[in-house]
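My notes follow the structure.

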Amino acid sequence: MIAREALSEAERRLGAAGIDTPRVDAELLVAHVLGVSRTGVYADLDAEVEGLEPLLTRRERREPLAYVLGEWGFRRLTLKTDARALVPRPETETVVERALALLAGSPSPRVLDVGVGSGAIALALKDERPDAQVTGVDVSLEALALARENAQRLGLEVELREGDVGDAAAGWDLVVSNPPYVESLAGLQPELEHEPVQALIGAGFHEQLARIARTRFLVLEVGDGQASDVAALLAADGYCDVAVTRDLAGRERVVEGSR
Ligand SMILES: C[S@@+](CC[C@H](N)C(=O)[O-])C[C@H]1O[C@@H](n2cnc3c(N)ncnc32)[C@H](O)[C@@H]1O
């Protein structure tokens, strides 16, 4: 099949599978098998496309595009992505942005990322603040293995080890976390069912982190609708300068405070 046909066939099948962005997904899948950029697909619509079918079938089954492609962009990095850890989300880029802003006046800051997953936050912080000493902890050994692969591929030195919320008590300049905060997957996108459940479902992490952390700055990603409760928690725990930041879609997704 040539690229022109592959694009329309993939778009049709992905649309029928209920995917919101069938054309974009089709372009990215065809680009991936051709080894070109998304726009590069249009440079030669007569190019022969091979190896698309297994990827298209996975995406039709609503496996996240990032897992099917095997890598995903996050801030300035391209991270390896697979079912061992959550797909890095655009709203989490805002978490990194706030963390960087708070650390602007702190030389060689000690940073802890609780629930490091693929390494997205920890690695982006190390990339953009090379003087930071960054530690990432997770309860999932599988996620840690993926984070280590990402650190190695990117040549970024961060400490990655098994750990949990309790590690926040050690004394840090910044504790950052995108903890599991979804109550249930009912009614959410089917893609979530392919991601690790312990990365998604959880409750009480923001409260625990706010209470346990010994840190100058705390930056937390929150679910849609959780920001005001988490901001109130931080204020009640004695944090100052408590602030909520909206993501690029205008939703309140990041809460921060200082000691
Ligand atoms: C929402 S994912 C965030 C992954 C990554 N930081 C990101 O933003 O893409 C939450 C992560 O927390 C981890 N996790 C779940 N319970 C934990 C706990 N008690 N302590 C530390 N990490 C935990 C999960 O394994 C998962 O990797």
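**Entry 1: largest pocket.** I am working from a predicted model. I looked up the volume of the largest pocket and got about 1,100 Å³. I then listed its lining, which comes to 40 residues. R89, P90, E91, Q189 and L192 lie nearest the centre of this pocket. Which element gives the most to the lining of the largest pocket? I found α2, with 3 residues. The elements that each supply at least two lining residues are α2 (22–34), α4 (65–69), α5 (90–102) and α8 (197–200). I sorted the lining by class and noted 21 nonpolar, 6 polar and 13 charged residues.

**Entry 2: second largest pocket.** Here I read a volume of about 490 Å³. I noted 33 lining residues, with G115, V116, G117, D138 and N178 the closest to the centre. β3 (110–114), α6 (120–128), β4 (133–138) and α8 each give two or more residues to this lining. Its classes are 19 nonpolar, 9 polar and 5 charged.

**Entry 3: H206.** I placed H206 in helix α9, residues 205–212. Is H206 buried or exposed? I count H206 as buried, because its relative accessibility is 8%, and the cut-off for buried is under 20%. I set aside neighbours within four places in sequence and listed the contacts of H206. They are P179, Y181, L220, E221, V222, Q226, V230 and L233. I also checked H206 against P180, which lies 26 residues away along the chain. Their C-alpha atoms are separated by 9.3 Å.

Conventions: Residues numbered from 1 in each chain as written. Predicted model: local features only at pLDDT ≥ 70, side-chain atom pairs only at ≥ 80, totals over all residues. Heavy atoms only, no water. 1 Å grid on protein atoms, 1.4 Å probe; cavity = no way out; pocket = protein on both sides within 12 Å on 5 of 7 lines; lining within 4 Å. Points joined across faces, edges and corners; volume = space filled by probe spheres on them. Helix = DSSP H or I, 4+ residues; strand = E, 2+ residues; numbered from the N terminus. Nonpolar A, V, L, I, M, F, W, Y, C, P; charged D, E, K, R; others polar. Buried < 20%, exposed > 50% of the residue type's maximum accessible area, 1.4 Å probe, protein only. Contact = heavy atoms within 4.5 Å.
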